[in-house]
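Hi,

Here is the structure I promised to pass on. Have a look at it first, and then read my notes below.

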Amino acid sequence: MSLYLEATIADRDVDVRFDVADGETLAILGPNGAGKSSVLAAIAGILRPDTGRGTLGDEVLFGDGVWKAPHLRGTALLSQDALLFPHLDVTDNVAFGPRSGGQSRSESRAAARRWLTEVDAWELADLKPSQLSGGQAQRIGVARALAAEPRLLLLDEPMAALDITVVPAMRQMLKRVLADRTAIIVTHDALDAALLADRVIVMDRGRIVEAGATKDVLARPRSQFGAHIAGLNLLSGVVEDGGVRTPDGSHVEGLSADPIADARAAVAVFSPSSVSVYLEPPSGSPRNVFAATVTALEPIGAQVRVRTAEVSADVTVAAVADLKLMPGTRVYLSVKASEVAIYA
Amino acid sequence: MQVPRWVFIPAAVGAAFIVLPLVAMASRVDWNSFFSLISSDSSRTALLLSLRTSAVSTVLCVLLGVPMALVLARTTFRGQSLLRSLVLLPLVLPPVVGGIALLYTFGRKGLLGETVDVLGLQIAFSTTAVVIAQTFVALPFMVVSLEGALRTAGERYEVVAATLGARPTTVLRRVTLPVVLPGLAAGAVLSFSRALGEFGATITFAGSLEGVTRTLPLEIYLQREVDPDAAVALSLVLVVVAVLVIGLVRGTRSSAL
């Protein structure tokens, strides 16, 4: 179901216009206080925009003198905190949406069990929310939102409050359930955008400062925030011996949340700040090393981003001077396997 | 916080001030005839009338107090804080004044008296009047305790429920009320105990007819003149009921989270 939104929210100084195509996942990136959550709240009907209109499919959500109540919108919202109903067990939490939609008790509980399986949490079915860890609760939150069969799924920093050890598995699960689903995910992590979204908008101080296909925005960010978060190194290929074999033949070692079968498509992701630059091939340690030619040097804050065809590295100004780096310099880029995340 | 030592002295005096009169009363109970005193016809009638009317009043407090607390906690409108103060007035009003106010509302010559007369009802000096008087003084307890619980719980769960497609009535039934259930239970227990102890408004508005409007507190007051031993025994019964009520409130509070 496609979404069209234009809205101003005066007291948060938000003024945005964008759309989401049917089946598409849009990521909204931006610093804290950029107005990302306000935009989701306006779509969900929790906050009344001052002007503008929103449509989902053929239906007007607001605008043109219409105001549709949240429960009639079909826009399930999941925030940082799963907010599972404390008095209901996991199954009844997930069954809440179907039950509210008019299904019988047994039908809705059957649906709940299906969705719990979908998020790999069927074994939690009989627990109370107070017995769950943060990561488990958020899984149930996703299942509950999906069980309501929303026409548009809204995720407001769903992984921001989670322990970093459970984030990769959660991201993997979201990647699976968001495929072919119309969804908006608000995040400040470029990796979420890179792995989950087809398109990205970057918001800053209530305005959209950048929009486009995820790989374009992340590869060539034009806004300050975009540059700050983007530039993640993303190497895609197929799985081989637990690492990723890229089309140009290099093999990238890294860590993955779950074991991934050989020959599956996968990406290796790592931050430019974890990449070191050498003029000679480094020896000894079990690192990933890429031979490359410097294509550009860009100042980013106090550091310099060294760009090559595939991989970027962030180094200090002093290092640039020491190594006499300039476009055309042959370099060896190295990153520890423990700094590389591999996603199927 | 480290409590200054001297604080314990006035605190102990205060505690003694509350406990001592109860001990004094209990020490005057004639234990040999205790059960015959509290099971006399008039005592039993008064106790049963008290329990019956207090139960009905508590139900009315729930039926009226829950919507009132919802309106106060979940909406905003002009004059809301004034309305809140007015609703809480029976808490600070002398009950006898409340009784007079009720008399001029529901009495034969009262504001609604004629309307009620047309319906063929005589409210003043009937058991209905007892229930009205008790509900009048107990309702604010329900509203205060439930409004507090609603504000503490916040609207987050309700918002989530709405985005999952639940209609407002479904949200109220399946999310709001279960989440504030401990507050609701505490409010009901407080309302019940206030209704059970009600004296001033009852005697003013409902009078003291045995079996019709003479509740246990009224019975105690009358017995005090003719049979002080019976009055003391019945008082102890009310103390026991009050202690049970406090225990219930603490029980629901501790299981609140």
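Before the first sheet, a quick word on terms: two strands count as paired if DSSP finds at least two bridges between them. Keep in mind too that this is a predicted model.

With that in hand, chain A has an open sheet of three strands in the order β17-β22-β18, and the pairing is antiparallel. Strands β17 (276-278) and β18 (287-293) of chain A each have a single partner strand, so they stand at the edges and one side of each lacks a neighbour in the sheet. From one strand to the next, the twist averages 30 degrees. If you want to zoom in, β18(A) pairs with β22(A) (residues 330-336) over seven bridges in the antiparallel sense. Ala291(A) is a handy landmark there, standing opposite Tyr332(A) in β22(A).

Elsewhere in chain A, β10 (residues 199-204) has two partners worth a look. Strand β3 (residues 25-29) of chain A runs parallel to β10(A), joined by four bridges, and Leu29(A) sits opposite Val202(A). Strand β11 (residues 207-213) of chain A runs antiparallel to β10(A), with six bridges between them; one bridge pair is Arg199(A) with Ala213(A). β10(A) and β11(A) make a hairpin with two residues between them, and Arg205(A) in the turn has a positive phi of about 45 degrees.

Which residues have the most contacts inside the largest nonpolar core? They are Val94(A), Ala143(A), Leu154(A) and Ala133(B), in a core of 146 residues. Helix α8 (residues 127-153) of chain B supplies the largest share of this core, 16 residues. Apart from that core lies another one of eleven residues, including Leu37(B), Leu49(B), Val232(B) and Leu234(B). As for Val94(A), if you skip its neighbours within four places in sequence, its contacts are Ala112(A), Trp115(A), Leu116(A), Ile140(A), Ala143(A), Arg144(A) and Ala147(A).

Last stop is helix α6 (residues 95-106) of chain B. This helix has twelve residues and spans 16 Å from its first C-alpha to its last, close to the 16 Å expected at 1.5 Å a residue. Its buried residues are Pro95(B), Gly98(B), Gly99(B), Leu102(B), Leu103(B) and Phe106(B). Why do the buried residues of α6(B) line one face of the helix? Looking down the axis of α6(B), they fall within an arc of 145 degrees, so they line one face.

Cheers

Technical notes: Residues numbered from 1 in each chain as written. Chains lettered and ligands numbered in written order. Predicted model: local features only at pLDDT ≥ 70, side-chain atom pairs only at ≥ 80, totals over all residues. Axes fitted to C-alpha atoms, helices over the stretch in contact; angles between N-to-C directions. Core = buried A, V, L, I, M, F, W, Y, C linked by C-beta atoms within 7 Å. Buried ≥ 20, exposed ≤ 12 C-beta atoms within 10 Å, placed from the backbone. Contact = placed C-beta atoms within 7 Å. Expected span 1.5 Å × (residues − 1). Arc of directions from axis to C-beta.
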